Amino acid sequence: MSSKKTLQDVVMPQLAESLVSATIGKWLKKPGDSVEQYEPICEVITDKVNAEIPSTLDGVMGELLAEEGQEIEVGAVICRIETTSSEGADAAVSSSAASTATAGESAAAAGGAPGDQTQRSRYSPAVQTLAQEHGLDLTAITGSGLGGRITRKDVLNYLESNKGAAVQKGYPAASPAQPSPVSQPVPTAASSTPDDLSRAAAERVRNSGLHLSETPKIPTIEVEGGDLSEYFIDVTPIRNTIATRMRQSVSEIPHGWMMIEVDVTNLVQLRNKLKDEFRQREGVNLTYLAFLLKAVVGAIKDYPIMNSVWAVDKIIVKRDINISLAVGTEDSVMTPVIKKADQKNIAGLAREIEDLATRVRAGKLKLDDMQGGTFTVNNTGSFGSILTQPIINYPQAAILTFESIVKKPVVINDMIAVRSMANLCLSLDHRILDGVICGRFMQRVKDNMESYSLDTQVY
């Protein structure tokens, strides 16, 4: 039976509606490597997020037409993949393609550098999903991909050789994407002990705010040059984008700043009353941030000018209230967006917060998740901060920070009482906003926050 080899073009995909180009960050496959459908072949960098481009077919990597660091327009060819098709029946085609892929992988593994393990800890979404479904410890699987990277076929082969036995030891890259405790399957006694489950549950629940909802990861820092007295850290494309945006914001926007103190004693009592039941029911934490977002959205409805951007000869007021959340990792800050936040209740906002924060740290944000924000909120209080002067998320008109909740002696009706207090700090674009409107806006947020009571409904 004869076979026919053809070269198929792979183009830069349209990752988001507004995206016109992206930069090749790193090739995960080199010429001659076996490639499976849906397996990542390269990383691309945009001004918002990093993403992996998956292969659309099975075959062998051919010519790379774009270099690492090169900016490529959407629709332009970035590489070619060699595919093999038989002239016989469809069944023979499938069998031949599978054999070719297996042989290609074996050859790549044998011909590559055995000691190269630079990609060993990088897991594709397909690999993470398989490992999560079967409870596998990825550190126990030998990778045949470039730089020791584990491919989807490596996981399937491991499952076959071990008869699908679950290892249940976890793996570094997939822990942020685990489903909530409510939806997880119950492990067998042979796979996990009660102590292991308790420890795992405690680690998932660990939370003191949006930023610390999980054990922080150790950042990967690429060091270049240096000597005994100093060393250099490469500026990543994401860090360079952050620097550019911050410089643009500070240089173009005349920043104003103000702060207001809020009594959140009733809110603390309300959350303490609801958080355990909510966690059990929803599988996510009911954070203070969800209540703040509801209060902010209510205030923006009353003062829609806060939801605007400067357009030189006009001010554009956005009708949709899309809240950007500043979510920090160890080496960057992302601002994923809760779309139409004014249409969500407190429970819905809590679910959105958990989902976005988890996907930020798992590196699974899509470009669409980062677009369309109209007002930014940052939970700096999760670090213990009590006073912050934030930089506006360009081109928005304002950014609000929620500081740490601290118990203080407060004078109420000429009597001293111990109350839970928090500061709200606002940076504003003084081309659009003035002290009067922002003062009223902050007062409305304060009123909304202090109006929470034990009778407040989150649904």
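This is a predicted model: local features need pLDDT of at least 70, side-chain atom pairs count only at pLDDT 80 or more; totals for chains, interfaces and linings use all residues.
Residues are numbered from 1 along each chain as its sequence is written, and side-chain values use heavy atoms, with hydrogens and water left out.

Helices (H or I, at least four residues) and strands (E, at least two) are taken as DSSP runs and numbered from the N terminus, and two strands are said to pair if DSSP finds at least two bridges between them. On these terms, four strands form an open sheet with antiparallel pairing, and their order is β5-β4-β2-β7. From one strand to the next the twist averages 45°, where axes are lines fitted to C-alpha atoms (for helices over the stretch in contact) and angles run from 0 to 180 degrees between N-to-C directions.

Strand β2 (residues 21–27) is joined to β7 by three bridges, and the two run antiparallel. Within this pairing, Ser 21 has Glu 73 of β7 as its bridge partner, and Thr 23 stands opposite Glu 71 of β7. Strand β2 is also joined by four bridges to strand β4 (residues 40–45), again in an antiparallel manner, and here Lys 26 stands opposite Glu 43 of β4.

The loop between β2 and β3 (34–35) contains Lys 29. With a relative accessible area of 5%, Lys 29 is buried, a term that means under 20% relative accessible area, as against exposed at over 50% and partly exposed in between (1.4 Å probe, protein chains only). The side chain of Lys 29 makes a polar contact of 3.0 Å with the side chain of Glu 39, and a polar atom of the Lys 29 side chain lies 3.1 Å from the backbone oxygen of Ser 34. A polar contact is a pair of N or O atoms within 3.5 Å; within protein, one must be able to donate a hydrogen and the other to accept it, and residues adjacent in sequence count only if both atoms are side-chain atoms.

Asp 369 is in the loop between α8 (346–362) and β18 and counts as buried at 13% relative accessibility, and its side chain forms a polar contact of 2.6 Å with that of Arg 359. Gly 439 belongs to helix α9 (residues 435–450) and is partly exposed, with a relative accessible area of 27%. Although Gly 439 and Ile 260 are 179 residues apart in sequence, they are 8.8 Å apart in space, C-alpha to C-alpha.The second largest pocket has its largest lining share, six residues, from α5.
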